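Hi there,

Here is the structure I promised to pass along.

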Amino acid sequence: MSATSLAEMLRERGLRLTPQRQLILEAVHELGHATPEQIHHTVRERAAGVNITTVYRTLELLEDLSLVSHTHLSHGSPTYHPAGEDQHVHLVCRNCGSIDEVDPAVMLPVTEQLNKDRDFRVDVGHVSLFGECGDCRERQP
């Protein structure tokens, strides 16, 4: 998203585009999947005065604007990534912490069954599967 269209979206809500908001959105795009703390670290390399509270508030605003979305990939902070990407299921390695993405179609049998049996529609953009990646399994004796 360009700075101009972000500025317009904010202006429509009575807000303005600040350098901090622009830097935080850029960091989310640059990092792909990142916690607020990781985003804060990246932003502080460019603007030392940005505090963690600003990062959290800005991420909430950007999510309200449908520019970023979050998922929970561990017991800690949520992980943010750019919105507008195709939905995906997250594969999280418990050993090395790597995050991979797969097409949500792999969940189709489960999501269809839940919809049929429980009248429950799964938001696959928030689905995270935990396990062990192939690299970690290869390193084991």
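How are α2 and α4 oriented to each other, roughly parallel or roughly perpendicular? Please keep in mind that this is a predicted model. In it, the axes of helix α2 (residues 19–31) and helix α4 (residues 52–64) cross at roughly 75 degrees and come within 10 Å. Angles of 65 to 115 degrees count as roughly perpendicular, and α2 and α4 are therefore roughly perpendicular to each other.

On the α2 side, Gln20, Arg21, Ile24, Leu25 and Val28 make the contact, while α4 brings Thr54, Val55, Thr58, Leu59, Leu61 and Leu62. Sorted by class, the residues of this contact between α2 and α4 are seven nonpolar, three polar and one charged.

One of the α4 residues is worth a click in your viewer: threonine 58, which sits in helix α4. Threonine 58 has 6% relative accessibility. Buried means under 20%, so threonine 58 counts as buried. Leaving aside residues up to four places away in sequence, threonine 58 touches Arg21 and Ile24.

Helix α4 also packs with helix α3 (residues 36–44), at an angle of about 115 degrees and with the axes 9 Å apart. The crossing of α3 past α4 is right-handed. Here Pro36, Glu37, Ile39 and His40 of α3 meet Ile52, Val55, Tyr56 and Leu59 of α4. That contact of α3 with α4 has six nonpolar residues, one polar and one charged.

Best wishes

Definitions and conventions: Residues are numbered from 1 along each chain as its sequence is written. This is a predicted model: local features need pLDDT of at least 70, side-chain atom pairs count only at pLDDT 80 or more; totals for chains, interfaces and linings use all residues. Side-chain values use heavy atoms; hydrogens and water are left out. Axes are lines fitted to C-alpha atoms, for helices over the stretch in contact, and angles run from 0 to 180 degrees between N-to-C directions. Helices (H or I, at least four residues) and strands (E, at least two) are DSSP runs, numbered from the N terminus. Angles under 35 degrees count as roughly parallel, over 145 as roughly antiparallel, 65 to 115 as roughly perpendicular and the rest as oblique. Contact means heavy atoms within 4.5 Å. Ala, Val, Leu, Ile, Met, Phe, Trp, Tyr, Cys and Pro count as nonpolar, Asp, Glu, Lys and Arg as charged, and the others, Gly among them, as polar. A crossing is left-handed if the near helix is turned anticlockwise from the far one by less than a right angle, and right-handed if clockwise. Buried means under 20% relative accessible area, exposed over 50%, partly exposed in between (1.4 Å probe, protein chains only).
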